[in-house]
Amino acid sequence: MMTRVPVSFTPSQLRRTPTIYERTWRRIQRKWSHLTEQQQQELSAMYHRELVADERRFVHVSDRHPRFADSGLITDEMQSDIKMYLENDDHVLWLKSQGLKGPPIYRGLPMFKTAYDHAVYPMLIAEVRPRTIIEVGTGYGASALWMADQMHLQNIVGHVHTYDINPPTNVSHPRVTFHAGDANNVSSTWPTDVLVNFPHPWVLVCDHHKNIYGTAIHFLKHMQDGDYIVMEDLMGGRTRIEWVQFLRDHAKECPIDTKYTDFFGVNMMCAYDGIIRITLNEMPQ
Ligand SMILES: C[S@@+](CC[C@H](N)C(=O)[O-])C[C@H]1O[C@@H](n2cnc3c(N)ncnc32)[C@H](O)[C@@H]1O
């Protein structure tokens, strides 16, 4: 007899479908039933690490890292908590997730995204339904093509504007405009009269690793409630400090969306503490 395979799921079915992680976790819990409550708690903490530390979806940077709660400048020592990620096994998995012997290839071009990003970005795009994606740091152009294709596949009428100091010359796509632009000169690269013509919602994807504070603050001035910023690859050093400083200085408008940053584990994708939803009204639930 042929097994009937369901071809579509209702949202409530999807919510009820446990992941391999959840199923394994339940099995492990059953095996631990003979242990004391304290032993179970310790093992549970080991199993989840920091994964379930905060179950709220939108959090401020200081909820996630209490040492950033005070005002003042973020220093190198203060961001030492990032070492927690760098030293655990998850980080090794993370390092491997952009390919061991080369980056993933999309439409014949190297694309500098982790395996996790391949799942997270389409979900983010599906939820935000951006009419404009602004990418800073085009690279070979693969990520711009991929995001434009994602919009097309999900019936979203939108356009990608991608900027690089050294834009590729041999790539084209009907939904992508390639621009030359320098994030060190934000007001000449993105003057107000250009940005006002980009329809919202926006997803701003920064993958250029330069002038992080200046880029974020420039775009923030033009952003609306529900727009998103994705700030990639800021795991340490000066760029990480600039990003955390920005998040702290604009905590109210810039909560981290942990649904996406932590989908596969805390910061288990390209944007460390780096997916934020612009929140000008009520904090979303
Ligand atoms: C990691 S690559 C981008 C990869 C691409 N987004 C992807 O996912 O395949 C970083 C890019 O940032 C660009 N870049 C570096 N400094 C920049 C700046 N000041 N303004 C704009 N782009 C810059 C580099 O030329 C490089 O192409």
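At what angle do helix H11 (residues 212-220) and helix H12 (residues 237-249) pack, and how far apart are their axes? The views below come from a predicted model, in which local features need pLDDT of at least 70, side-chain atom pairs count only at pLDDT 80 or more, and totals for chains, interfaces and linings use all residues. Residues are numbered from 1 along each chain as its sequence is written.

**View 1. Packing of helix H11 on helix H12.** The angle is about 30° and the axes are 8 Å apart. H11 is therefore roughly parallel to H12 (angles under 35 degrees). Axes are lines fitted to C-alpha atoms over the stretch in contact, and angles run from 0 to 180 degrees between N-to-C directions. Helices are DSSP runs (H or I) of at least four residues, strands (E) of at least two, numbered from the N terminus.

**View 2. Residues where H11 meets H12.** Ile212, Tyr213, Ala216 and Ile217 in H11 meet Thr239, Glu242, Trp243, Gln245 and Phe246 in H12 (C-beta atoms, placed from the backbone, within 7 Å). This contact divides into 6 nonpolar, 2 polar and 1 charged residues. Asp, Glu, Lys and Arg count as charged, Ala, Val, Leu, Ile, Met, Phe, Trp, Tyr, Cys and Pro as nonpolar, and the others, Gly among them, as polar.

**View 3. Contacts of Tyr228.** Not counting residues up to four places away in sequence, Tyr228 touches Leu124, Val128, Val203, Ile275, Ile276, Arg277 and Ile278.

Terms used:
Two residues are in contact if their C-beta atoms, placed from the backbone, lie within 7 Å. Angles under 35 degrees count as roughly parallel, over 145 as roughly antiparallel, 65 to 115 as roughly perpendicular and the rest as oblique.
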